[in-house]
Amino acid sequence: MIAVGDALPPFELEVTATVIVAGAIASRDFMPAHHDPVFARAQGAPDMFMNILTTNGYVARFVTDWAGPEAMLRSIAIRLGAPAIPGKPLRFSGQVAAVREAGDECVLEVAVRAANELGDHATGTVVLTLPRRA
Amino acid sequence: MVAVDEVRERLEKYVGQPMGPGAVAPDPVNVPMIRHWVDALDDRNPVYLDAEVAAKTRFGGIVAPPAMLQAWSMPRPKIEGIARRGGAPSELRSDNVVAALDREGYTGTLATNSELEFTRYLRPGDQLESASELESISPRKTTALGQGYFVTWVTTYRTTAGELVGRQRFRIFKFDPRTIDPARLGAKR
């Protein structure tokens, strides 16, 4: 049984240039700040940095790695903070914030945080449903 | 006496208006792009690629990773000159609030919030279109990045048959880099 307060297994992502570029191109985001460190620094960023689509993708993966293939995400709401840059691992943590039943589904709210040594990269809430029979 | 913010007043006309022309995704939802994403993020949820496992779940077959929603409708980029355009993927520029703030000197951009909502998961073959509308502009704010405005828009994703499949609310802070306060920036770190 899933209960309020349950912690998700923590996940540490080794952020490299390859991780950032792979996510940017898979999401068809060709903004130079996500693959070109020289461009990124000229714009005032400390280095090339992860795009938001990739951040959302890793937040989704972090939650479904725990919730399993029957999980259906309803929303991902995040506040964006410190950039995710090469050489600074991102640590994902999460906790079940609410559980309720709705018809044949269980609706879960999960509070998530992805942080590196610069601070919080993304904090927010993922809402998902699971079939109650599962 | 309350000071009148003339910049903010000039921006008011954009509220509730489209951020640009709507767009049809270049390709329908498809397995090659899903595979590319799944490998890039090392996401091994079987419902994205394993047809046999996916068929036994409530999805009844392969579905696209929900966080790909925006990826399907990203515009085709023109790579040549992308850095000179400040990273804008295409040469098309709409007269919207972001362009207006650039003209007013608020050229800095910092994304602050993203809220994705998924009405249903997408399946291969779904053809999407998207349209964005400016929801709100804040009063002028002073932050560690200097003075600027929080700008929020909502992108609605539908199939070309008109079925709503998801939404994204996105907020950025458009700031004037000349007003950055180094003391406050330093204090954050």
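Trainee: What should I know before reading residue names?

Mentor: Residues are numbered from 1 along each chain as its sequence is written, while chains are lettered from A and ligands numbered from 1 in the order in which they are written. The model is predicted, so local features need pLDDT of at least 70 and side-chain atom pairs count only at pLDDT 80 or more, whereas totals for chains, interfaces and linings use all residues.

Trainee: What ipTM and pTM does the predictor give the complex?

Mentor: The ipTM is 0.96 and the pTM is 0.94. For chain B, the mean pLDDT is 92, with 94% of its residues at 70 or more; pLDDT is the predictor's confidence in each residue, from 0 to 100.

Trainee: How many helices and strands does chain A have?

Mentor: Chain A has three helices and five strands, in the order β-α-α-α-β-β-β-β from the N terminus. Helices (H or I, at least four residues) and strands (E, at least two) are DSSP runs, numbered from the N terminus. Along the principal axes, the C-alpha atoms of chain A fill a box of roughly 50 × 30 × 20 Å.

Trainee: And what share of chain A is buried?

Mentor: Buried residues account for 43% of its 134 residues. A residue is buried if 20 or more other C-beta atoms lie within 10 Å of its own, exposed if 12 or fewer, and partly exposed in between, with C-beta atoms placed from the backbone.

Trainee: Which residues of α1(A) are buried?

Mentor: They are V19(A), I20(A), G23(A), A24(A) and A26(A). These buried residues pack against α3 of chain A together with α2 of chain B.

Trainee: How do α1(A) and α2(B) cross?

Mentor: The axes of helix α1 (residues 17–26) of chain A and helix α2 (residues 31–41) of chain B come within 9 Å and cross at roughly 160°. Axes are lines fitted to C-alpha atoms, for helices over the stretch in contact, and angles run from 0 to 180 degrees between N-to-C directions. The two helices are therefore roughly antiparallel, a term for angles over 145 degrees.

Trainee: Which residues meet there?

Mentor: A22(A), G23(A) and A26(A) meet H36(B), W37(B), A40(B) and L41(B). Contact requires C-beta atoms, placed from the backbone, within 7 Å.

Trainee: Turning to the largest nonpolar core, which members touch the most others?

Mentor: Of its 62 residues, V59(A), V63(A), L73(A) and L128(A) do. Helix α3 (residues 52–67) of chain A supplies the largest share, eight residues. A nonpolar core is a set of buried Ala, Val, Leu, Ile, Met, Phe, Trp, Tyr and Cys residues joined through C-beta atoms within 7 Å.

Trainee: What does V59(A) contact, leaving aside neighbours within four places in sequence?

Mentor: V59(A) contacts I76(A), I78(A), V112(A), A114(A), A122(A) and V126(A). Apart from this core lies another, of 17 residues, among them I137(B), L145(B), F170(B) and F173(B).

Trainee: Last topic: which phi does R28(A) take?

Mentor: R28(A) has a positive phi of about 60° although it is not a glycine, and lies in the loop between α1 and α2 (37–42) of chain A.

Trainee: Is R28(A) buried or exposed?

Mentor: R28(A) is buried, with 23 other C-beta atoms within 10 Å. D42(B), also not a glycine, has a positive phi of about 50°, but D42(B) is exposed, with 11 other C-beta atoms within 10 Å. D42(B) sits in the loop between α2 and α3 (51–56) of chain B.

Conventions. Two residues are in contact if their C-beta atoms, placed from the backbone, lie within 7 Å. Angles under 35 degrees count as roughly parallel, over 145 as roughly antiparallel, 65 to 115 as roughly perpendicular and the rest as oblique.
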